[in-house]
Amino acid sequence: MNLLPFGELPPFKKRKFVPQKVDWSDWKQIAPLFDKLEQRIGASKSPADLERWLLDWSELHAALDEESSRRYIAMTCHTENTEAEKAYLHFVEQIEPQLKPRQFKLSELFLKHAARKQLPTTRYEVFDRDTQVHVELFRPENVPLETEEAKLGQKYQKLSGSLTVQFRGEEKTLTQMGRYLEEPDRATRQEAWELVAKRRLQEAEKFGHIFDELVKLREKIAVNAGFKNYLEYAFRAKRRFDYSPGDCVKFHDAIEKEIVPLQRRLQAERLQQLGLDVLRPWDLAVDPMNRPRLRPFEKVEDMVGKTQNIFDRLDSGLATGFRQMQDMRLLDLDNRKGKAPGGYQSTLNEARLPFIFMNAVGVHRDVDTMLHEAGHAFHALATRNEDLYFYRSSPIEFAEVASMSMELLASEYFEEFYSDADAARARREHLEGIVKFFPWMAAVDAFQIWIYSHPSHTREERAAEWLRIMDRFGDEVNWSGYEPARVNLWHRQLHIFLHPFYYVEYGIAQIGALQVWANSRRDKAKALDAYKRGLSLGGSRPLPELFAAADCRFAFDAETIRPLVELVRDELEKLKRAS
Ligand SMILES: [Zn+2]
């Protein structure tokens, strides 16, 4: 039974090194391929030999990656199918742990190779420096610590996922409770918000304890690897070659100066529109004019058709890509029983084709998700001709420029989905969401920078620092009577627990996306060409060059941010009148 929505997808290039038939569940068939690569690199002498070897390694990487993606897609499209789940777990638990040391060995052999320094610099410098970091940070004594870290992460997820409340006689998850914050009736919103806040507070001690353990572990990992603290280790491990903690601190300052005032102004407007005297934490998600939810489409086919219309109007090259994805059934978009929640874009690395998964139910969020994931898919399509596996994806800071730009560029054509007034409303919500994101992002990032540069802090000091940060990036919301909930607000942010420091990337990318959008308002065709040029580089060049190719500056200081915020502010002013 074929559990994949798409049919046969031939590899983009015929395999030269990997045999045509491999049972990827059987380590005994995979290991000899690594043996061969280890022997081969010993025998290769010239830079040309080494380049060929890298392509063979790439081919193996791509085949393994596609296998993992296929199993993941099959499982998420059919959660009730135990075979699909078993196949995925087998790969994750039995195959992947054996791959890691073998891949590491190949990285080491590459770095030791005599011809490495003779490889063309521009072509290989990014791969070379990434490989160096991979090898340089590895410490065998950190392996069990990382396992422990992953276990604590699971504990956090399990605890968060298990929380429910009794709401009007029904048990509800905290995620399910989110929709009641959009209710026009204020008392309902307050009741829902209080229940959730109270439930989280009951676990505050546990969340705090998990986090204490994580900080201790991470500090140990950093020291083992020869770093002063986890902050410095994490920047290296995340291959942040092109910006420092100091740049992030400047980014926070710029957000405080340029964006927080606009955020406060928008909330003051909200307060006025809602006709309230004071804005409370449960007043932030409701439509300020108490209108019903936007209904962009009834059926998923409509969503796809209208999205296609938008791309047709935006750019013929991108439009062709999206049409091909439909023809090849590389989209599984409708919400149905037996499907995992959420949405993602995954790349089938041998076919070099993107796949989009989501659960559309007919709300505006679906449109945003569709456009966002389509941006990632365009990125994957743009790098199809790149033969080096490692360069077919880019760092998150730029990968999210591809997706976030597409949300902004496509929002210009929301009339495909809505009346003029509703299109203006959807654009306004989108831009307000961008404004709102930056201060929260800055708070989360500033908090983590403080935590890992003060690893021996007490819980009291941590709470005090969080409150200081909340005041700094704070808003017009009145928290009185709910102070304990505010002190522990960061418990909700999964990244702080599971993916330390992984958050500022979205802020950096959004600054890039806003630049692409600003460019498109001056000259649409030129901006689209630059966007596609940036995408086509994949991960083959350092971040500043990827941004430059897309006609953006890789900068997130006040000077870069100011004109973008002015554009957003003026646009919001216009939309306010139109919606
Ligand atoms: Zn994304």
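Colleague: How many helical turns separate histidine 372 and histidine 376 in helix α13?
Modeller: This is a predicted model, in which local features need pLDDT of at least 70 and side-chain atom pairs count only at pLDDT 80 or more, while totals for chains, interfaces and linings use all residues. Residues are numbered from 1 along each chain as its sequence is written, and side-chain values use heavy atoms, with hydrogens and water left out. Helices are DSSP runs of H or I (at least four residues) and strands runs of E (at least two), numbered from the N terminus. Because the two histidines are four residues apart in α13 (residues 364–382), their separation is about one helical turn.

Colleague: Is histidine 376 buried or exposed?
Modeller: A residue is buried under 20% relative accessible area, exposed over 50% and partly exposed in between (1.4 Å probe, protein chains only). Histidine 372 has 14% relative accessibility and counts as buried. Histidine 376 has 13%, so this residue also counts as buried.

Colleague: Which residues does histidine 379 contact, leaving aside its neighbours within four places in sequence?
Modeller: Histidine 379 lies in helix α13 as well, and its 7% relative accessibility makes it buried. Contact means heavy atoms within 4.5 Å. With neighbours within four places set aside, the contacts of histidine 379 are Ser394, Phe398, Ala399, Ala402, Leu535 and Gly538.

Colleague: What is the bridge partner of serine 346 in β5?
Modeller: Two strands pair if DSSP finds at least two bridges between them. Strand β4 (residues 344–348) and strand β5 (residues 353–360) run antiparallel and are joined by five bridges. Four of the five residues of β4 are buried, so this strand is largely enclosed by the rest of the structure. Serine 346 has as its bridge partner phenylalanine 355.

Colleague: Which residue in the turn between β4 and β5 has a positive phi?
Modeller: The two strands form a hairpin, with four residues between them. A positive phi of about 55° is taken in this turn by arginine 352.

Colleague: Which helices are included in what covers the buried residues of α9?
Modeller: Helix α9 (residues 230–237) has as its buried residues Tyr230, Leu231, Tyr233, Ala234 and Phe235. Just after α9, arginine 239 has a positive phi of about 55°. The cover over the buried residues includes α5 (142–162), α8 (204–224), α10 (245–274) and α15 (420–453).

Colleague: How many Å apart in space are tryptophan 466 and isoleucine 451, C-alpha to C-alpha?
Modeller: Tryptophan 466 sits in helix α16 (residues 459–472) and is buried, with a relative accessible area of 0%. Beyond four places in sequence, the residues in contact with tryptophan 466 include Trp440, Phe447, Arg486 and Trp490. Isoleucine 451 is 15 residues from tryptophan 466 in sequence, and the C-alpha distance is 9.8 Å.

Colleague: What percentage of the residues of the protein chain count as buried?
Modeller: The protein chain has 22 helices and five strands, and its C-alpha atoms fill a box of roughly 75 × 55 × 50 Å along the principal axes. Of the contacts with a separation of 6 or more, 76% come from residues 24 or more positions apart. Among the 579 residues, the share that counts as buried is 54%.
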